[in-house]
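Visitor: I would like to learn how to read a model like this one. Please take me through it feature by feature.

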Amino acid sequence: MKRFGGMASAVGLVAALTSIQGAAAQTRSSANLLRSAIKTPVIKEGVVEPAATNALKSMSAYLMTARTLGVTSRGSIDVVTADGQRIELDGTTEYKIRRPGFVIDYESDAKSRRFIYDGKNFTVYSPKLGFYSTVAAPPTNREALDTIYKNFGIALPLEDLFRWGDGASADRLQAMKSAYSLGTATIDGVATNHYAFREAQVDWEVWIQQGNHPLPRKLVIVDRTDASHPTFIARLDWQVNPTFTDSDFAFVPDGDAKRIELAHYNGMEK
């Protein structure tokens, strides 16, 4: 019995060493993978390629030609803890878009939100909390997006994808620190062109479908204002010109939902 205990201890020691060695090997493997990925760095820092900015304009122009759009975004966003650790949270966002009108449903285990614009009113609804707020809104999607950001500080997910070709983002294009092609990539079976951009406070990438339907298929945004560089990543599935009805854009609160006032926005903190 004593001998068996000694063997068990030896086995335990071997297992522990194997576990440590395995962890070390995994760390080395990850480090080697990262090093191999950057052996041939992209030598385009500070370069603004017209083809890259034109690709954004063409993408947005194409999106604006659609009468209606349906989008499913499967993404993850980083939350940074007080000691600088990055925690990744996943969620799914469903979009229904027409002119005028949109419905955006975000769902994760942490929270759920619904944003509804019917051409007359804009509503924010939290199904899990049972609260909603409705305010009057202008008669076009563009005006509604501008108004709810200016008055309430609400910037809706992915709205930038539609704004590069309408003149609203001309100043941002002019102020780009870099914009260039990274070649091609296949995203979920779709051939895309991969572009990287740097602005004053964010780095971001977009993968745009090749051919006559330049749909954005993947988006990555890195916040450079935080030392930990939290990142948002989304893969996008599109329906072009799906059929919607007015009822798709009508807000009907649950029986127990309570209406509250939407807090006004006083600008970014200094």
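The dialogue below goes from confidence to fold, then to surface and salt bridges.

Visitor: What should I know before I start?

Guide: This is a predicted model, in which local features need pLDDT of at least 70, side-chain atom pairs count only at pLDDT 80 or more, and totals for chains, interfaces and linings use all residues. Residues are numbered from 1 along each chain as its sequence is written, and side-chain values use heavy atoms, with hydrogens and water left out.

Visitor: What is the mean pLDDT of the protein chain?

Guide: pLDDT is the predictor's confidence in each residue, from 0 to 100. Here the chain mean is 86, and 83% of the residues reach 70 or more.

Visitor: How many bridges join β7 to β8?

Guide: Two strands pair if DSSP finds at least two bridges between them. Strands β7 (residues 178-187) and β8 (residues 190-198) run antiparallel, joined by eight bridges. Ala185 has Thr192 in β8 as its bridge partner. The two strands form a hairpin with two residues between them, and Asp188 in the turn has a positive phi of about 50°.

Visitor: Is Asp188 buried or exposed?

Guide: Buried means under 20% relative accessible area, exposed over 50%, and partly exposed in between (1.4 Å probe, protein chains only). Asp188 counts as exposed because its relative accessibility is 52%.

Visitor: With which residue does Asp188 form a salt bridge?

Guide: A salt bridge is a side-chain nitrogen of Lys or Arg within 4 Å of a carboxyl oxygen of Asp or Glu. The partner of Asp188 is Arg235, with the closest N and O atoms 3.2 Å apart. Asp188 lies in the loop between β7 and β8 and Arg235 in strand β11 (residues 231-240), so the pair ties together parts 47 residues apart in sequence. The structure holds 14 salt bridges.

Visitor: Which residue forms a salt bridge with Arg224?

Guide: Asp203 does, with the closest N and O atoms 2.8 Å apart. Arg224 sits in the loop between β10 (216-223) and β11, and Asp203 in strand β9 (residues 202-209), 21 residues away. Arg224 is partly exposed at 25%, while Asp203 is buried at 17%.

Visitor: Which residues form the nonpolar patch on the surface?

Guide: Patches are made of residues with over 30% relative accessible area and no salt bridge; like charges are joined within 9 Å, nonpolar side chains (Val, Leu, Ile, Met, Phe, Trp, Tyr) within 5 Å. Ile77, Val79, Ile87 and Leu89 form this one, with about 290 Å² of accessible area together. Areas come from the Shrake-Rupley method with a 1.4 Å probe; for residues, only the protein chains shown count as cover. Strands β1 (69-80) and β2 (86-97) each supply at least two of the patch residues. Leu89, in β2, is partly exposed at 36%.

Conventions: Helix = DSSP H or I, 4+ residues; strand = E, 2+ residues; numbered from the N terminus.
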